[in-house]
Amino acid sequence: MSGSGYETASNGSESGCHGDQRSETSGHTELGDTPTGSGMWPRWRPTSSTELARSEKRVLAFVKTPLTIYNTQTTQGKVRTFRSPQVQGKLPLVMLHGMGAGAAMWVLNIDSLAKYRQVFAIDVLGFGRSSRPTFPADPEGVEDMFVANIEEWRKENSLEKFTLLGHSFGGYIACLYTLKYPERVGHLVLADPWGLPPMPDRTEPLPLRWKLVINVMKPFNIFSGLRAAGPLGPALINKIRPDLQKKFSGRMATDPDAISNYIYHCNVQNPSGEVAFKMLHAGLGFAKRPMLDRIGQIQSGLPISMVYGAQSWMDPTIGYAVQEAREGEHVTVELILRAGHHVYADDPDRFNTVVNAACSTFENIS
């Protein structure tokens, strides 16, 4: 396990609000934010906030960049935040993970991306160790709540402008935020984004690619089964998503189960974010309110960089449709040949190179 160093804080942002409790383990300093639930009593599902905290720590042990980790308090609840050291003269990079994940999934990317700019990675509201509130019962309300939460988080962290990167469902949320607050986003980077294309005409036979989409989206319905599996859940996660463990284990050889353990504990807590996603999901992998219908409305002059895995079940030609929708604007589409939907983990070196290059084009602060 690599020797990383980070500190954690609770109740707020940089100005912070570090708790009085302090402990040092494995070279890390933890300030406050002691999770509850020690696991003294038997549980049907072998999870708790404590177990989720432990699983997060196992993953972050592979991040060498010294991170400050804290909870940013917002009206909607707390937002778990990872922050790397500040880099003068460069736009910070804010990273939004995808469905069923958490900010620690960027473990193979943070070190490279944080060399050149300050990085903020957050657990999206409803996921990871962020609060898991009740979302509205309509798609527009769910979208508004995600956007309002990120804006409050931005204010609490005193960020005037930043590059915004989102993967999959995080890409959809990143687009929503950019639509409403374009003055805060200097550059939008979408990694294999979900929710852009409209659902195909069902009167015609579905193309093979969309049949694959349907099959790949089925695991999103399995999280309820994972929760119902009780003590069998930790073993079941490896059967459901063996691909994810394989992607990370080569770079995390001293603790190869760390990612699968983290994914398990992220997805057997209160399914707040999962319920929100289903409210936005029209079925068959498509959004009820497709982003392609709206992305042309993003403020003129705001650059968009799109990064797809060439082997992804997502259709990279949607990136070219975005170029058409924003004719005359800066929209780039990059394919990473050896990568699928989890492009950031399938070929992290190439992904980091592409994102660093895209960011460097637009991140100088005048």
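Reader: How many aromatic pairs does a search of the whole structure find?

Author: This is a predicted model, where local features need pLDDT of at least 70, side-chain atom pairs count only at pLDDT 80 or more, and totals for chains, interfaces and linings use all residues. Residues are numbered from 1 along each chain as its sequence is written, and side-chain values use heavy atoms, with hydrogens and water left out. Rings of Phe, Tyr and Trp (its six-membered ring) pair if their centres lie within 6.5 Å; planes under 30 degrees apart count as stacked, over 60 as edge-to-face and the rest as tilted. Searching the whole structure gives twelve aromatic pairs.

Reader: Which kind of pair do Trp106 and Tyr344 form?

Author: Their centres are 5.3 Å apart. With 50° between the planes, the pair is tilted.

Reader: Where in the chain is Tyr344, the partner of Trp106?

Author: Trp106 sits in the loop between strand 6 (93-96) and helix 2 (110-113). Helices (H or I, at least four residues) and strands (E, at least two) are DSSP runs, numbered from the N terminus.

Reader: Is Trp106 buried or exposed?

Author: Buried means under 20% relative accessible area, exposed over 50%, partly exposed in between (1.4 Å probe, protein chains only). Because its relative accessible area is 2%, Trp106 is buried.

Reader: What is the angle between the planes of Phe135 and Phe146?

Author: Both residues are buried, and they belong to one aromatic cluster whose members include Phe169 and Trp194. Phe135 and Phe146 form a tilted pair, 4.9 Å centre to centre, and the angle between their planes is 40°.
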